[in-house]
Structures are given as C-alpha cells and as structure tokens.
Amino acid sequence: MSPLEILTFPEEFLRNPVRPVEQIDGVLQTVIDRMAETMYQAPGVGLAAIQVGLDKSLLVYDITSKENGRDLHVLINPRIIAQEGQIISENEGCLSVPDFRADVQRFAHILVEGLDRDGKPLRFEAEGFPAVVLQHEIDHLNGILFLDRISALKRQLYTRRVKKQLKHQGA
Ligand code: NI
C-alpha cells in the first residue's frame, strides 16, 4: 500500500471544514488503512483526512511509542462536547506544517464523541497528551491549523519562511 500525499501549509484545501462521513463501508475502511500507513510512515502521532485531500470528518491517531507496539485509534465524525482546564502543549508540530514547532494552549480535559471504524458510537474522556492530539486533529477537520493558535508574530515568521522557500523552488 502506498502512502498518501500530505498537503502542507499554505495549501488552501486545509482551510475548508470537512463534511461528515455518511457511509461506513469497505471503501472507507481502505481509506482508513491508507491514512494509518501514511501516518506511521511520516511518522506522526495523528492524521486527519483533510491533510490527505479528503473532504471527510475522519482522523486516525496512535500515541504509543514505537517500543510499545502500535495502538491505532480511528475516529469518525468526532466532536468535543465538553472541555475544561488549560495546559500548554510544548513543541506541538504538524505533518502539514513542516519544520516548525511551537507551544500551544490547549484544554487539559475533553469529552469526545464519535464513531469507531465500524460505526460503533464512542464517548470518552481524554486528558494531557491524548487530549492535545485529539484537539489538534479535530481542529484540522474544522479547517484550523495549530498556527492559528500561536502569536501573530510567530505565525508571520513561519509564513514568511515558507513563502521564501516556495519562491526558491520556483513555485
Ligand atoms: Ni496536524
């Protein structure tokens, strides 16, 4: 299975909120498998469908370290239904925002609802790092990048750097 191409900032498609998944079938399962493979190869801890050009409310994540094996989670049509507390996610990064990391303020506890890969309803609490990963990935599904949650100055510096790079590549 070949990995999917990951769209990167400033690609406009990343800014469109996605549509809910309506049908969970074999085609979607294949998409999920390819997204997981793409995430592991990158490597990253999470990947939203929008990052691989798919207009679907779907994400995969795996926050285990390599030594502990894999623990893939799939979340379809996820929604944060409650949130509280504050934490700073240190050095947050994103496969769609290459070569850049920043501290981001996130909620410490969240309550999430969605469907698993078979369409079974899920409702669970997350805190700390898993909560950060989920907030980051669910942001993607709403067209939000972690760049939107940092200071305007840091965002401008990164934007300028990317534009310069694109110019040098003749893009
Ligand atoms: Ni991301």
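Tutor: Buried means under 20% relative accessible area, exposed over 50%, and partly exposed in between, with a 1.4 Å probe and protein chains only. The model is predicted: local features need pLDDT of at least 70, side-chain atom pairs count only at pLDDT 80 or more, and totals for chains, interfaces and linings use all residues. Residues are numbered from 1 along each chain as its sequence is written, and side-chain values use heavy atoms, with hydrogens and water left out.

Student: How many aromatic pairs does the count come to?

Tutor: Rings of Phe, Tyr and Trp (its six-membered ring) pair if their centres lie within 6.5 Å; planes under 30 degrees apart count as stacked, over 60 as edge-to-face and the rest as tilted. By this rule, the number of aromatic pairs is three.

Student: What is the angle between the planes of Phe100 and Phe146?

Tutor: The centres of Phe100 and Phe146 are 6.0 Å apart, and the pair is tilted. Phe100 is buried at 13% relative accessible area, and Phe146 is buried at 2%. The angle between the planes of Phe100 and Phe146 is 35°.

Student: How is the pair of Phe100 and Tyr158 classed?

Tutor: Phe100 and Tyr158 are both buried. Because their ring centres are 4.7 Å apart and their planes stand at 35°, the pair of Phe100 and Tyr158 is tilted.

Student: Which residues form one aromatic cluster?

Tutor: Phe100 and Phe146 form an aromatic pair, and Phe100 also pairs with Tyr158. The one aromatic cluster is formed by Phe9, Phe100, Phe146 and Tyr158.
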